Amino acid sequence: GLEVEILACEAWSELGHIPKEDVKLIRQNASFDINRINEIELETRHDVVAFTRAVSETLGEERKWVHYGLTSTDVVDTALSYLLKQANEILLSDVERFVEVLKEKAQEHKYTVMMGRTHGVHAEPTTFGLKMGLWYEEMKRNLERLKRAAAEVEFGKMSGAVGTFANIDPFVEKYVCEKLGISPAPISTQTLQRDRHAHYMSVLALIATSIEKFAVEVRGLQKSETREVEEYFAKGQKGSSAMPHKRNQIGSENVTGLARLIRGYMVTAYDNVPLWHERDISHSSAERVILPDATIALNYMLNRFANIVKN
């Protein structure tokens, strides 16, 4: 949020509205203290007002330019997209690593014969490598989906209270978004439109569901009656407090549960699309939970299950 505010001041300076000396001071000295923001918010009951006041308290006379021409969502939605961009870089790297792990396993087990099953019943022989190859191709599709969804959600908006640029020059939006490495929204209301976030969340949920699909296969093949694959079980690891023989597939079960969680978040993201008129904030409280939670959970799932497959 602070970087968005400072970049907006820089843009206004480029247009000749804010003295460059003041912008230099803002860039050098602007900061905030979380505890002070919380104190101010107890009075204002408005998080962005509390934030901008706390920032202003760290500055001199140049404080008058903080939040110049902006409405709260100009800062919040643009900053959110910048955060998602950073999260996407991590997630894309995670998916790429998982794809490579699957490729290696497919090649390693190209001739590892196993029984194929349809309806859970023995069918014809297949290979474990073919199974890994199937997962490899699915995750390649997921990688392309994530690239497209990431590009679609990495948009900023600084078009004012109802999207009309009434108190702000479109150059400010263009400048800020370019500096952050995101795209300016072609048109917006007070908010970025939440179909972007809904689609993004649907792709996260689909990737999580693919991982669950793979995990269910591991769980099925590790049953005592089958025992064709097994998750790594470390020396000293225990599967039960009562049954010493237990070697359970807990990693695959963990990611199965998290996939259910992320699919639930997808539903919430879709519910966030139909806001009232030029905006309401019914989406805001939900997004503060679902977006960080879903991206963190998927990061964990991709790394946890990639390590299960690798080891």
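Helices here are DSSP runs of H or I, at least four residues long, numbered from the N terminus. The model is predicted. Arg45 sits in the loop between α3 (34-44) and α4 (47-56). Its phi is near 55 degrees, a positive value in a residue other than glycine. Arg45 is exposed, because its relative accessibility of 75% is over the 50% cut-off.

His67 lies in the loop between α4 and α5 (72-108). His67 is not a glycine either, yet its phi is positive, at about 70 degrees. Most residues other than glycine have a negative phi.

## Aromatic pairs

The model has 8 aromatic pairs. One of them is Trp135 with Phe214: the pair is stacked, with 4.6 Å centre to centre and 20 degrees between the planes. This pair links distant parts of the chain. Trp135 belongs to helix α6 (residues 128-153) and Phe214 to helix α8 (residues 195-221), 79 residues apart. Trp135 is buried, at 4% relative accessible area. Phe214 is buried too, at 0%.

Phe171 and Tyr175 form a tilted pair, because their planes meet at 45 degrees; the ring centres are 5.8 Å apart. Both residues are in helix α7 (residues 170-180), 4 residues apart, so about one helical turn separates them. Phe171 is partly exposed at 29% relative accessibility, whereas Tyr175 is buried at 15%.

## Ring cluster and a charge over a ring

Trp135 and Phe214 also belong to a cluster: ring pairs link them with Phe98 and Phe305.

Elsewhere, Arg196 lies over the face of Phe155, 3.9 Å from the ring centre.

How values were computed: Residues are numbered from 1 along each chain as its sequence is written. This is a predicted model: local features need pLDDT of at least 70, side-chain atom pairs count only at pLDDT 80 or more; totals for chains, interfaces and linings use all residues. Side-chain values use heavy atoms; hydrogens and water are left out. Helices (H or I, at least four residues) and strands (E, at least two) are DSSP runs, numbered from the N terminus. Buried means under 20% relative accessible area, exposed over 50%, partly exposed in between (1.4 Å probe, protein chains only). Rings of Phe, Tyr and Trp (its six-membered ring) pair if their centres lie within 6.5 Å; planes under 30 degrees apart count as stacked, over 60 as edge-to-face and the rest as tilted. A charge sits over a ring if NZ of Lys or CZ of Arg is within 6 Å of the ring centre and within 35 degrees of the ring normal.
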